Amino acid sequence: MLRNKQFSIWRWLLALVGLFMYLGDIGTDTALVFTYFHEEHYVWSGLTALFIITGLTVNQIFSYAWFLEDMHKNVMDSKPKRWYLVLHIFGMGILLRYVRALMSCIQDFDTADLSMLKLFETFLESAPQLLLQLYVHQNHEEWSVLQYMSMVFSFFNLAWSLVDYRICLRKSLPQSRELPSALPTTVYLLYKLFTITSLILSYSLLLILSVYSTVGFTSLWLLGTIRAHHLKTNFCSSGVLELLYRGVIGAVLVFTFFNVKGQDTKRDMTVYYFFWTVINFSTPLLMFFLKPELKTITIFLVVSGVIYGGSLLGLILLVLYYRFLHSKQEAKKQYDEVDGLENVDGQEKETTPSTRRTREFIKP
């Protein structure tokens, strides 16, 4: 009981900080939209707005669909269905979920859906936004306090969503009901941050080299989406939502590796990080030879150093995490539980929709 209560308090604090990060990220990015528009940078304003709208729209669709699913299975009251629809139409679905989580106080409320939606928002809005602002600064020497704030909130929103999702996934597993230990969580967070940040910086240099690099990024998203389709993910209750989900998976894979179908991914991860290494280690060299005027620019040298250093540290932490800190037995159970059923003493037991979605979702 004491352990569960401690976990509930921890989850409440996570929700509170997550709400702050979410509002700060969306707020600073929205302010940038109007700032760029006022300064007549219409393309930057439009792209910033596009990332915000894309993340919000996709999240509202999934959030309301999951509310309907929970109502249909009598997991929650169906009376406020119309009010929920109105709130989601106005883009307030995530805020609604945060309010529900915080109002649950220290009770053991279910935040699985919120954690997944935050992860969606991170790779549909925060990560692309971070890339855009880095490009604007490096290529156009446009900088302001608001841009600093936008990048800081995007970065910490990214970090927080990764930690929050890992904790929520760990809590949802029947064989693991305690708080995850600090060391594996810290190593996992650093491994993700180093690999994602170095890749985003490489993308920003490629954009400086040529804006047509966006065609390459789009191709990566398409390949990730096709890969998810090839694996025949079975996450949503409708075909249309499943296609949208696979598109989200494609966006996630542009920035980081995640297990799409809950299976052994040693080969897939090796292939992914092979190409990841090629991109990170070749991009600064391409810039060095194709744009020699940048050789003496301090920011280029700093970015190149961060890319190489972050890539090396990320790979070391990746190996350390999966070799010593990631329980193979627990991982096997976690990967096998993707159909929304628990196997207890040979008996199959149906889980709640939220718990099923947590396990079916992409695994770290």
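Me: What percentage of the 364 residues in the protein is buried?
Reply: This is a predicted model, so to speak: local features need pLDDT of at least 70 and side-chain atom pairs count only at pLDDT 80 or more, while totals for chains, interfaces and linings use all residues. Residues are numbered from 1 along each chain as its sequence is written, and side-chain values use heavy atoms, with hydrogens and water left out. Buried means under 20% relative accessible area, with a 1.4 Å probe and protein chains only. Of the 364 residues, the buried share is 52%.

Me: How far apart are the end C-alpha atoms of residues 12–36?
Reply: The unreviewed UniProt entry places a "transmembrane region" at several stretches, including 12–36, though such annotations may be inferred rather than shown by experiment. Over residues 12–36 the chain is 100% helix and 0% strand. The end C-alpha atoms lie apart by 36 Å.

Me: Which helix supplies the largest share of the lining of the largest cavity?
Reply: A cavity is a set of points on a 1 Å grid where a 1.4 Å probe fits but cannot get out, and lining residues have an atom within 4 Å of a point. The largest cavity holds about 90 Å³ of space. Helices α1 (2–38), α5 (112–140) and α6 (145–172) each give at least two lining residues. The largest share, four residues, comes from α1.

Note on methods. 1 Å grid on protein atoms, 1.4 Å probe; cavity = no way out; pocket = protein on both sides within 12 Å on 5 of 7 lines; lining within 4 Å. Points joined across faces, edges and corners; volume = space filled by probe spheres on them. Buried < 20%, exposed > 50% of the residue type's maximum accessible area, 1.4 Å probe, protein only.
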